[in-house]
Amino acid sequence: MSHHTITATATARMGRTPEDYKVLGIYPRLVKPWEDGLRTDGGPGSFEWWYFDAHLDDGAKLVVVFSTKEFTAIDRPLAPTVRIDLTLPDGTTVERHAELDPKTFIAATDSCDVHIGGNLFSGDLHTYTIRAQVEDVRIDITLTGQVPAWRPETGYWYFGNEDDHYFAWLPSVPQGLVEATYSVGERTSTTTGIGYHDHNWGDTAMPKLMHHWYWARGAAGPYSVIASYITAEKGYGYEALPVFMLARDGELIADDNANVSFEELGRYVDQETGKPVGNVTRYTYRDGDERYVVTFTRFTDLTTVRMVDDLKGPQKIFARLIGFDGAYLRFSGELRIDHYQGEKLVDSHTDDALWELMYFGKARP
């Protein structure tokens, strides 16, 4: 005799109805500077961060994040952090992270202008200044947009049958030129490169909403791309939430998520984190007879982190108790963009790219 329990799954959706835009006070296809300003109160039950990354021409890779708190601890009051992850041209990684006095956090609501201690992340959807120092690492960056600010529809994903929770994302600079000076101790380098800035905020711990996501961005030839594939948590039926933006020569040419299919090829289990990883991830965008195939092929792992290893004290004990098994992997490899008309390959470009896999849940059986 068998008993089947049917548990109803809640829904997860991208906000895209006229009503969604109206409630948020925003407009389709038009991003205003205030959208990159402070969007939460920074208090318990919220998280928010401003993110920047760059591929530098000297071979270095840089990630800078300003946040209202660690997103694994959103029940805390404001606890602002600055993180700098720098991979030097010789492959050495330098990771620095500081939590600063909440009194030193000042952020504008009408534009991106975030101060944490003496650190600054400021801009107007086109030109940004990012200055930060954590211990012996200092960075000074100017980012100038080459592709206009964009968001997937409203930029809000809603979780729950009554839109109980949200996660929001704004790629403020999908691609831009970077001028960077970075120092580690006494050694200073000045170089240029290609960069990216986005802004995220939400009202619930992400592990409750999302199982895992791939997120990637890159540029090859005249193209720049942002591609992500979010899989919602089990309670939301592992709903797939794809995101795709393709620009050519700085003009948006493709961004309807309904036209994207995603493949994960050459899967293996990462030894460090125990997570399944696609060695190749591919996004195919179809528009009538036109097809864009965007392929990310992994060459090396820049980061493989079990999140519990980053936690401290009681948080770590609690995470172990509830079996929290989050992981973060950042890859370096090749981006390939193939443009087809019918079966005919019209053009093809390759370049280096960075992408990530964020895993909140247990690996699915």
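# Close-up views of the predicted model

**Figure 1. Surroundings of Met-14 in the predicted model.** Apart from neighbours within four places in sequence, Met-14 is in contact with Pro-152, Glu-153, Thr-154, Gly-155, Tyr-156, Trp-157 and Asn-257. The model shown in this and the following views is a predicted one. Met-14 belongs to strand 1, which covers residues 12-14. With a relative accessible area of 8%, Met-14 is buried, since the limit for a buried residue is under 20%. Ala-227 stands 213 residues away from Met-14 along the chain, and the C-alpha atoms of the two are separated by 15 Å.

**Figure 2. Asn-257 and its contacts.** Asn-257 is located in the loop that runs between strand 17 (251-254) and strand 18 (260-269). The relative accessible area of Asn-257 is 8%, and the residue is therefore classed as buried. When neighbours within four places in sequence are set aside, the contacts of Asn-257 are Met-14, Arg-16, Pro-152, Pro-242, Val-243 and Phe-244. Pro-152 is also among the residues in contact with Met-14.

**Figure 3. The whole protein chain, as a setting for the close-up views.** The protein chain contains four helices and 22 strands. Its radius of gyration is 20 Å, close to the 21 Å that the globule rule gives for 365 residues, so the chain is as compact as a globular protein of that length. The C-alpha trace spans about 70 × 55 × 45 Å along its principal axes. Buried residues make up 53% of the 365 residues in the chain. Of the contacts between residues at least 6 apart in sequence, 61% join residues at least 24 apart. The chain exposes about 16,300 Å², of which carbon and sulfur atoms supply 50%.

Figure 4. The structure holds 23 aromatic pairs. One of them is formed by Phe-47 and Trp-49, which are stacked at 5.5 Å centre to centre with 25 degrees between the planes. Phe-47 is buried, its relative accessible area being 1%, and Trp-49 likewise counts as buried, at 11% relative accessibility. Tyr-156 and Trp-201 form an edge-to-face pair, with 5.9 Å from centre to centre and 80 degrees between the planes. This second pair links distant parts of the chain: Tyr-156 lies in strand 11 (residues 156-159) and Trp-201 in strand 13 (residues 187-202), 45 residues apart. Tyr-156 counts as buried at 8% relative accessibility, and Trp-201 is buried with a relative accessible area of 3%. Phe-47 and Trp-49 also take part in one aromatic cluster together with Trp-157, Phe-167, Trp-169, Trp-213 and Phe-360.

**Figure 5. Arg-96 and Glu-135.** Arg-96 is part of strand 5, residues 93-99. The side chains of Arg-96 and Glu-135 are joined by a polar contact of 3.4 Å. Beyond its neighbours within four places in sequence, Arg-96 is in contact with Val-82, Arg-83, Ile-84, Asp-85, Val-134, Glu-135, Asp-136 and Val-137. Glu-135 is placed in the loop between strand 9 (127-134) and strand 10 (137-147). At 58% relative accessibility, Glu-135 counts as exposed. The backbone of Glu-135 has a positive phi of about 55 degrees, although the residue is not a glycine.

**Figure 6. The loop residue Asp-163.** Asp-163 is found in the loop between strand 11 and strand 12 (165-184). Its phi is near 50 degrees, a positive value in a residue other than glycine. Asp-163 is partly exposed, with a relative accessible area of 30%.

Figure 7. Val-346 has its place in strand 22, residues 344-359. At 36% relative accessibility, Val-346 counts as partly exposed. Not counting residues up to four places away in sequence, Val-346 touches His-339, Tyr-340 and Gln-341. The ring of Tyr-340 has the charged end of Arg-291 over it, 4.3 Å from the ring centre. The C-alpha atoms of Val-346 and Gly-195 are separated by 27 Å, the two residues being 151 residues apart along the chain.

Technical notes: Residues numbered from 1 in each chain as written. Heavy atoms only, no water. Helix = DSSP H or I, 4+ residues; strand = E, 2+ residues; numbered from the N terminus. Polar contact = N/O pair within 3.5 Å; in protein donor to acceptor, adjacent residues only side chain to side chain. Contact = heavy atoms within 4.5 Å. Buried < 20%, exposed > 50% of the residue type's maximum accessible area, 1.4 Å probe, protein only. Phe/Tyr/Trp six-rings, centres within 6.5 Å; stacked < 30°, edge-to-face > 60°. Lys NZ or Arg CZ within 6 Å of the ring centre and 35° of its normal. Rg over C-alpha atoms; globule rule 2.2 N^0.38 Å. Areas by Shrake-Rupley, 256 points an atom, 1.4 Å probe, with all protein chains shown as cover.
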